[in-house]
There are 2 protein chains.
Amino acid sequence: MPINLPAIEPLYQPVLQAQLQSCLDCKTKPVGSLGKIETLAMQIGLIQQTCTPHFKLPQLLVFAADHGLACEGISAYPSEVTWQMVENFLSGGAAVSVLARQHQLALSVVDAGIDHSFAPRLQLLNHKIAFATVNSLHHPAMTLAQCEQAVQAGGEVVRSLPGNVVLLGEMGIGNSASAALLLARLTHTDIALCTGRGTGLDDAGLARKRAVLVRVLERHRYATEHWDVMACLGGLEIAMLAGAALQAASERRVVVVDGFIAGSALLWAAQLCPAVLDYCVWSHTSAETGHLHLLKILQVQGLLDLGLRLGEASGAALAWPLIESAALLLTEMASFGSAGVAGRS
Amino acid sequence: MPINLPAIEPLYQPVLQAQLQSCLDCKTKPVGSLGKIETLAMQIGLIQQTCTPHFKLPQLLVFAADHGLACEGISAYPSEVTWQMVENFLSGGAAVSVLARQHQLALSVVDAGIDHSFAPRLQLLNHKIAFATVNSLHHPAMTLAQCEQAVQAGGEVVRSLPGNVVLLGEMGIGNSASAALLLARLTHTDIALCTGRGTGLDDAGLARKRAVLVRVLERHRYATEHWDVMACLGGLEIAMLAGAALQAASERRVVVVDGFIAGSALLWAAQLCPAVLDYCVWSHTSAETGHLHLLKILQVQGLLDLGLRLGEASGAALAWPLIESAALLLTEMASFGSAGVAGRS
C-alpha cells in the first residue's frame with residue numbers, strides 16, 4: 001500500500017441495528033412494506049448512528065479526465081467532448097446540472113486530468129495531474145506516483161467540502177474502456193463481458209473496442225498488483241473517485257455511487273478496504289455492459305433500473321430523492337402508538 | 001355505459017412526436033442515454049403538447065373507503081385502521097404525508113366510504129357514499145347507482161382541484177382483495193395468481209383470503225358486464241379512483257398511478273376508455289402478487305421496483321421526482337449546438 005489510506009469503520013453495530021429495526025417496525029405501516037427504502041433507511045441510520053438521520057449539504061462531485069487510449073477509436077465521441085461537457089456542467093446546461101438544480105445538490109467538477117486549460121471558476125476544482133493518461137496500449141496509463149497522487153487528491157477534494165453525503169460521478173471520453181479493463185483484471189472476467197457501447201458505439205465500433213482492450217490487457221499482462229492495475233489500466237478520474245469514496249466513508253458520509261465507471265472505482269477501492277462498501281448506496285443499474293456483472297460481484301443492487309448510460313453522476317442525482325426519502329421516513333413518520341393506529345388483528 | 005364519461009383524446013400526434021424526438025436527440029448527451037427518463041419525457045411532452053413541459057400544482061389524492069368483505073378475515077389489520085390512518089395522513093405522520101411534504105405535493109384525502117364520521121378538515125374531501133361496501137360474499141359490494149356515483153365523484157374531485165398532474169393512491173383495509181377480484185374477473189386470470197398478502201398475511205391467512213375470494217367470484221359468477229363487475233367486486237375508493245383517472249386524462253393531466261389497487265382501478269377504466277392509459281405513468285412495480293401480472297396485461301412497466309407494498313400513493317410520491325426530472329431535462333438541458341459540444345466522431 002504505497003500511501004496512507006484513511007481508516008474506515010465497518011458498520012457492524014448490532015445494538016443500533018436492533019434499535020433501528022424496532023424503530024422502523026413501529027412506524028405506521030405494515031412491517032417491511034416500504035421494501036428497499038427500509039433497507040436504505042437502516043443503512044443511513046447505521047452510518048449516521050441515529051434513528052433520526054438527516055442529510056446536510058449534499059455534494060455532487062463529477063471527476064473528469066481524458067484518456068490516451070481514446071485515440072484508438074474506442075469511443076463514439078472525440079476527446080474534446082470531455083472539456084466541452086465540463087463547460088456545459090458549469091454553465092448549467094448538462095443533465096447533471098439540471099438535476100443538481102432540481103435537488104439543490106452542490107455541484108463541483110474536478111479537473112483530474114483534462115486535455116484543456118480552463119479559466120478558474122467557483123465550481124471547478126483544479127487537481128489536474130496531467131493533460132490526460134498515456135495510451136495504455138503502449139504504456140501504463142499513469143505512473144504509480146500519478147496514481148497515488150490521484151487517490152490522495154480525491155481524498156483532499158472530499159475533505160475540503162462540507163456535508164455528510166457525496167454523490168460520485170465522472171466525465172471522460174474513453175473511460176468506459178478503462179472501467180471495463182479494471183473490471184476484467186480485478187475480477188478475472190472475460191473482457192468481452194465487461195465491454196459495452198459506452199456513449200453509443202455501433203456493432204463495428206464495439207468489436208474494435210473489444211479488440212483494442214484485449215491487446216491492452218495483453219500489454220499489461222503482468223500488472224496484477226492492486227496499484228499497478230489502476231496505474232496501468234485505470235484513469236486519473238477513476239483513481240480520484242476511489243480516493244474520494246475512501247475518504248468520504250472514513251468520515252462516515254453516505255457515498256452515492258453513479259454507474260459503471262464510478263462503480264469500477266469502488267470495486268478497486270473495496271479490494272483495498274472492503275468496509276468502504278458499507279457506506280455506498282448504488283444509485284442505479286446502468287445499461288452499460290459490465291455494470292450488472294460488477295454489481296453482482298459486489299453483491300449489491302442498484303436502486304433504479306431505468307436503462308441509464310450517461311454518467312456525469314446523473315443516475316446518482318436521479319436516485320437522490322429516494323435516499324432523502326429513506327432518511328425522512330425514518331425520522332418523521334409517526335409510530336402506531338403516537339398516531340393511535342391499531343396494530344395487527 | 002350508465003353515465004356520461006369524459007372524452008379522452010388519444011396521444012397519437014406523429015408530428016409532435018417527431019419534434020420531441022428531435023429535441024431529445026439534440027440534447028447534450030448520447031442519444032437515448034437517459035433510458036426510460038427519455039420515454040417519460042416524450043409522454044409528458046405529448047400530454048402537454050410542448051417541447052418545454054412543466055408541472056403545475058401537483059395534486060396527490062388518497063381515496064379511502066372500507067370494505068364489507070373485511071369481516072371475513074382477509075386482512076392482517078382490522079377495519080378501524082382505515083379511519084385511523086386517514087387521521088394519520090391528515091396530521092402528517094404517515095409515509096405519504098412525509099413524502100408529500102418532501103416533494104411539495106398538495107395532499108388531499110377523499111372519504112369515499114369510510115366507516116367513521118370525521119370532523120371537517122381542509123385536506124379531507126367528503127364524498128362518502130356509504131360507511132363501507134357490503135360484504136361481497138353475500139351481496140354486490142355496491143349498488144349500480146352507488147358505483148356510478150363513485151365514478152362521478154372521482155371526476156368531480158379532480159375537476160375541483162388545480163394543476164396539471166394527479167398522483168392517485170388509496171387506503172382501505174381489505175381493498176387488495178377487491179383489486180384481486182377485479183383483476184381476476186376483468187382479465188380471466190386464476191384468482192390464486194391475483195391474490196397476495198396485502199398488508200402482511202401469513203401463509204394461513206393467505207390461504208383463507210384465497211378461499212374467500214374463490215367463493216366471492218362464485219357468488220357473482222354472472223357479473224361479467226363491466227359496471228356490474230365493479231359494483232359486485234370493487235370498492236367505493238376503487239370506483240372513485242377510476243373516475244378520477246378518466247377525468248384527469250380528459251383534462252390532459254398526467255396521471256401517476258400508485259400500486260396494485262390503484263392499478264386495478266385503471267385496468268377497469270381502461271376497458272371503458274383505452275385512451276386513459278396514454279396519460280398514465282406507472283410509478284412502481286409493487287411486491288403485491290398480481291401487480292406484475294396487471295402491469296404485463298396492460299403492457300406497461302413501473303418506474304421503480306423497490307418491493308413497495310404500502311399503498312397510500314406512497315409509491316407514486318416516491319417516483320414523483322423522476323417524473324419531474326423528465327420534464328425538467330426536456331425543458332432545460334442545452335443542445336449540442338447551444339452548448340458548443342462536438343457531436344459523434
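## A helix across the chain A sheet

In this predicted model, helix H5 (residues 144–159) of chain A lies across strand S1 (59–65), S2 and S3 of chain A, and H5 runs at about 150 degrees to S1(A). Helices (H or I, at least four residues) and strands (E, at least two) are DSSP runs, numbered from the N terminus. Axes are lines fitted to C-alpha atoms, for helices over the stretch in contact, and angles run from 0 to 180 degrees between N-to-C directions; contact means heavy atoms within 4.5 Å.

## The strand order in chain A

What is the order of the strands in the open sheet of chain A? The 6 strands follow S3-S2-S1-S4-S5-S6, with parallel pairing, where two strands pair if DSSP finds at least two bridges between them. Strand S3 (124–126) and strand S6 (280–282) of chain A each have a single partner strand, so one side of each is left without a neighbour in the sheet. From one strand to the next, the twist averages 25 degrees.

## Strand S2 and its partners

Let's look at S2(A), which covers residues 106–113. With S1(A), S2(A) pairs in the parallel sense over 7 bridges; with S3(A), the parallel pairing has 3 bridges.

Is S2(A) mostly covered or mostly uncovered? S2(A) is mostly covered, with 7 of its 8 residues buried; buried means under 20% relative accessible area, exposed over 50%, partly exposed in between (1.4 Å probe, protein chains only).

## The sheet of chain B

Chain B has an open sheet of 6 strands in the order S3-S2-S1-S4-S5-S6, and the pairing is parallel. Its edge strands are S3 (124–126) and S6 (280–282) of chain B, each pairing on one side only. The twist averages 25 degrees from one strand to the next.

Within this sheet, strand S1 (residues 59–65) and strand S4 (residues 165–171) of chain B make a parallel pair over 6 bridges. Leu61(B) stands opposite Leu168(B) in S4(B).

## Conventions

Residues are numbered from 1 along each chain as its sequence is written, and chains are lettered from A and ligands numbered from 1 in the order in which they are written. Local features need pLDDT of at least 70, side-chain atom pairs count only at pLDDT 80 or more, and totals for chains, interfaces and linings use all residues, while side-chain values use heavy atoms, with hydrogens and water left out.
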